Amino acid sequence: MVFTLPKLPYSYNALEPFIDAQTMELHYTKHHQAYITNLNLVVQKNPDLQNKSVESLLSNLSAILDDGVKTIVRNHGGGHANHTLFWMTMMQPSSMMIQVPVGKLATMIEKKYQSFDNMKDILSSKATAIFGSGWAWLCCDQQNQLEIIVTSNQDSPLIQGLQPLLGLDVWEHAYYLKYQNKRADYIAAWWNVVNWNYVADRYEMLFINKNGIDV
Ligand code: MN
């Protein structure tokens, strides 16, 4: 399998004014593409990595015995998986309606974090506090329980057995052109472009794939 850049579901300027078109274009065509290019190089040289999804590679990282190969898959496979989800979980902001979680996801957020706003505050604080480059995540575990975590560099939550539902990229390449050192402003703006229907559907799909355990 050769990994390719997934189609962006909107135009580069769709997330304006919260995320600018130039950042989107560079982030997608240069940064994400670089992760894919490097992942493909290591897969080509290692037949045991071939014909596997990037999610499968990351979920079974310990099966890769060569430390150098493992690090490349962790960094560049992680970069590919993380950004693929990142694009899908954003959408053109709508002035017609406020986007909020729906269905099982909404129920579980209230159960675990008391309110949607509180969950956003927790994730925002953790994202703001990341030292250096990384991601803040809303994930679910094997029992469908929600968890907010941060990871360094391009580490995927899949490495620790968690399914990512929504990830916030706080590498400087994600915001520096528009927000410079003001990471907190970027984080506050980013909530306006989260596609909660997509995130909620993803959570329900994971439920179904785990025997339909209900909330
Ligand atoms: Mn990025």
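How are the donor residues of the manganese ion spaced in sequence? They follow the pattern H-x55-H-x85-D-x3-H. The model discussed here is predicted.

**Metal site**

Four residues coordinate the manganese ion through the atoms His27 (NE2), His83 (NE2), Asp169 (OD) and His173 (NE2), at 2.0 to 2.1 Å. Of these, His27 belongs to helix H1 and His83 to helix H3, so this pair ties together parts that lie 56 residues apart in sequence.

The protein is divided into domain 1, covering 21–88, and domain 2, covering 103–211. Between their C-alpha centres the separation is 20 Å. Domain 1 puts 19 residues into the contact, and domain 2 puts in 24 residues.

About 1,700 Å² is buried between domain 1 and domain 2, and carbon and sulfur atoms give 62% of that area. On the side of domain 1, the residues that lose the most area to domain 2 are Asn82, Leu85 and Phe86; together they account for 34% of what that side buries.

Polar interactions also cross this interface. Seven residue pairs are found in polar contact between domain 1 and domain 2.

By residue class, the side of domain 1 that touches domain 2 divides into seven nonpolar, 10 polar and two charged residues.

**The salt bridge**

How many salt bridges does the structure hold? It holds one. Its partners lie in distant parts of the chain: Arg74 is in helix H3, while Asp155 is in the loop between strand E2 (146–152) and strand E3 (163–169), and the two are 81 residues apart. The closest N and O atoms of Arg74 and Asp155 are 2.9 Å apart. The count of salt bridges between domain 1 and domain 2 is likewise one.

**Helix H3 in summary**

How values were computed: Residues are numbered from 1 along each chain as its sequence is written. This is a predicted model: local features need pLDDT of at least 70, side-chain atom pairs count only at pLDDT 80 or more; totals for chains, interfaces and linings use all residues. Side-chain values use heavy atoms; hydrogens and water are left out. Domain bounds come from an automatic or database domain assignment. Contact means heavy atoms within 4.5 Å. Buried area is the accessible area (1.4 Å probe) that two parts lose on being put together, summed over both. A salt bridge is a side-chain nitrogen of Lys or Arg within 4 Å of a carboxyl oxygen of Asp or Glu. A polar contact is a pair of N or O atoms within 3.5 Å; within protein, one must be able to donate a hydrogen and the other to accept it, and residues adjacent in sequence count only if both atoms are side-chain atoms. Ala, Val, Leu, Ile, Met, Phe, Trp, Tyr, Cys and Pro count as nonpolar, Asp, Glu, Lys and Arg as charged, and the others, Gly among them, as polar. Donors are N, O and S atoms within 2.8 Å of the metal (3.2 Å for Na, K and Ca); water is not among the atoms, so sites may look incomplete. Helices (H or I, at least four residues) and strands (E, at least two) are DSSP runs, numbered from the N terminus.
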